[in-house]
Amino acid sequence: MVTIDKQSGFCFGVVTAIRKAEEELQKGNQLYCLGDIVHNEQEVERLTRLGLKTIDHQQFATLHHAKVLLRAHGEPPETYRIAAENDIEIVDASCPVVRNLQQKIRRQYQLTPHAQTVIFGKQGHAEVVGLQGQTDNNAIVVEHAEDADKLDVTNDIYLFSQTTKSADDFRRLVEEIEQRRKEQHTEAVFEWHDTICGQVRNRVQHLQEFARSNDRIVFVGGRNSSNAKVLFEHCRKVNPDTIFISDEKEITDDYIAACKGKNVGICGATSTPLWLMQRCAEKIENKTI
């Protein structure tokens with residue numbers, strides 16, 4: 001039997017961004033998107049066929065009198081400045097959770113400009129670029145607990161997290177910093193803010209329960225999605241018989257044959273469209289019946 005996880009698929013921020021794009025495209029307007037609207041190649045291709053044109057920041061800076069959608073990841077202040085200068089109409093689909101985090105980081109940086117504003121996240125990730133922009137790019141980005149070497153624990157630290165990071169990894173980083181502070185006997189300020197999206201956090205526990213309840217797990221996600229990589233690892237941790245694929249073409253006949261008589265669960269990331277998970281389920285079902 002093949003079951004699709006009901007809670008997998010687009011988070012509300014991605015749903016909003018795609019809905020705004022579709023509404024603009026239905027009006028017949030030329031619409032640009034600054035970066036891939038979602039870290040899923042198949043969904044990007046679908047919207048491209050509808051007329052959405054994806055551009056990078058270099059191309060964005062050369063546009064004038066155009067309409068540009070900002071995806072859920074959020075953007076740094078520089079993007080809005082360029083838009084105002086070039087008479088670019090912004091369709092802002094920044095996730096409200098990300099926007100709220102940007103405001104928190106900006107306020108903290110303005111209050112304590114000489115302290116270390118630290119972002120637990122992936123260097124170069126679109127959301128992290130937007131967060132760093134709130135600090136004039138002075139925030140320190142750490143990807144792992146071992147990266148605490150970048151920090152001076154004898155100086156004040158204000159720590160925030162990219163919204164899609166692992167809560168367990170964030171906790172490990174906090175513990176590592178606390179340990180180093182203890183070793184240095186420092187009285188410097190250390191404030192940490194767990195700013196991981198609640199929808200992502202709750203999904204981890206649900207996905208692990210889903211993974212345990214099935215014999216085999218097919219995790220569908222974009223290769224460039226940080227969220228997909230994190231959630232996949234959580235599934236594999238509780239069910240070693242978990243594979244990662246980007247679309248149904250990666251499901252081999254040998255794999256399908258091995259699924260016969262087993263309960264197969266299909267799940268995905270916050271950037272995985274439901275229609276793609278359905279295609280994967282149909283391919284397995286049609287060949288195992």
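Helices (H or I, at least four residues) and strands (E, at least two) are DSSP runs, numbered from the N terminus. Contact means heavy atoms within 4.5 Å, and axes are lines fitted to C-alpha atoms, for helices over the stretch in contact, with angles from 0 to 180 degrees between N-to-C directions. The model is predicted, so that local features need pLDDT of at least 70 and side-chain atom pairs pLDDT 80 or more, while totals for chains, interfaces and linings use all residues. Residues are numbered from 1 along each chain as its sequence is written, and side-chain values use heavy atoms, with hydrogens and water left out.

Strand β10 (residues 216–220) runs parallel to β11 and is joined to it by four bridges; Ile217 has Thr242 in β11 as its bridge partner.

Another open sheet of four strands, with parallel pairing, has the order β7-β6-β8-β9. Its edge strands, β7 (140–142) and β9 (190–192), each have a single partner strand, so one side of each lacks a neighbour in the sheet. Strand β6 (residues 116–120) pairs with β7 in the parallel sense over three bridges, and Val118 has Ile140 in β7 as its bridge partner. Helix α5 (residues 96–111) packs on this sheet, touching β6, β8 (157–161) and β9, and its direction makes about 170° with that of β8. Helix α7 (residues 167–184) lies across β6, β7, β8 and β9, running at about 170° to β8.

Within α7, Arg171 and Asp168 lie three residues apart, about one turn of the helix. These residues, Arg171 and Asp168, form a salt bridge with their closest N and O atoms 3.0 Å apart. A salt bridge is a side-chain nitrogen of Lys or Arg within 4 Å of a carboxyl oxygen of Asp or Glu, and the whole structure has 19 salt bridges.

The axes of helix α1 (residues 12–26) and helix α2 (residues 41–50) come within 10 Å and cross at roughly 15°. The contact is made by Ile18, Glu22 and Leu25 of α1 and by Glu43, Arg46, Leu47 and Leu50 of α2.

Notes. Two strands pair if DSSP finds at least two bridges between them.
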